[in-house]
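Dear colleague,

I am passing on the structure below, together with notes on what I found when going through it. Please read the notes with the coordinates open.

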Amino acid sequence: MTNWIKACNLETVSSGDLFSFDHETKKILLSNFNGKIYATDRICTHEEADLSTGMLNEEGVRCPLHLSVFNLETGKPQNPPAEKSLKTYNVKIDQNSIYVEI
Ligand code: FES
């Protein structure tokens, strides 16, 4: 069963920003790239670095530890060493709040 969880207010995640939140055991990363909000798992699938300290670029979010870049739509790594995709989540904006479908 899925559930829409309020992550934060829209203005909390400006264009180019990363934002972290936890829900139960899940560690989620919100990314605002060019005004669009994406939600993925926050922990790198390679060696568990926290992607909230990474960087956004046109290819996705770059892991701070070994520099794999994960596509924000699909979660797929674009380069080694990571091989496994990040889980991605649906996002909706409602009344100036960001919701993530967990
Ligand atoms: S921990 Fe992210 S690429 Fe190695």
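Ile 5 touches His 23, Tyr 99, Val 100 and Ile 102, leaving aside residues up to four places away in sequence, where contact requires C-beta atoms, placed from the backbone, to lie within 7 Å. Before going further, please keep in mind that this is a predicted model, in which local features need pLDDT of at least 70 and side-chain atom pairs count only at pLDDT 80 or more, while totals for chains, interfaces and linings use all residues. Residues are numbered from 1 along each chain as its sequence is written.

Ile 5 itself belongs to strand 1 (residues 4-9), strands being DSSP runs of E with at least two residues and helices runs of H or I with at least four, numbered from the N terminus. With 17 other C-beta atoms within 10 Å, Ile 5 is partly exposed; a residue is buried if 20 or more other C-beta atoms, placed from the backbone, lie within 10 Å of its own, exposed if 12 or fewer, and partly exposed in between. His 46, which is 41 residues from Ile 5 in sequence, lies 27 Å from Ile 5 in space, C-alpha to C-alpha.

As for the chain as a whole, it has 10 strands and 0 helices. Its radius of gyration is 13 Å, close to the 13 Å that the globule rule gives for 102 residues, so the chain is as compact as a globular protein of that length; the radius is taken over C-alpha atoms, and the rule is 2.2 Å times the number of residues to the power 0.38. Of the 102 residues, 29% count as buried, and residues 24 or more positions apart account for 38% of the contacts with a separation of 6 or more.

Turning to the pairing, where two strands pair if DSSP finds at least two bridges between them, strand 2 (residues 18-23) and strand 3 are antiparallel over 6 bridges, with His 23 opposite Lys 26. Strand 3 and strand 4 likewise pair in the antiparallel sense over 6 bridges, and here Ile 28 stands opposite Asp 41. The hairpin of strand 3 and strand 4 has 2 residues between the strands, and Asn 34 in the turn has a positive phi of about 55 degrees.

There is also an open sheet of 3 strands in the order 5-6-7, with antiparallel pairing. Strand 5 (55-57) and strand 7 (69-70) are at its edges with a single partner strand each, so one side of each has no neighbour in the sheet. Strand 5 is joined to strand 6 (residues 60-62) by 3 bridges, and Leu 56 stands opposite Val 61.

Val 61 is also among the members of the largest nonpolar core, which has 21 residues, that touch the most other members, together with Ile 28, Leu 30, Ala 39 and Val 100; such a core is a set of buried Ala, Val, Leu, Ile, Met, Phe, Trp, Tyr and Cys residues joined through C-beta atoms within 7 Å.

Finally, some backbone details deserve a look. Most residues other than glycine have a negative phi, and most peptide bonds are trans. Glu 24, although not a glycine, has a positive phi of about 50 degrees, and it is exposed, with 6 other C-beta atoms within 10 Å. Asn 96 has a positive phi of about 70 degrees and lies in the loop between strand 9 (91-94) and strand 10. A cis peptide bond, with omega about 10 degrees, joins Pro 80 and Pro 81.

With best regards

Notes. Contact = placed C-beta atoms within 7 Å.
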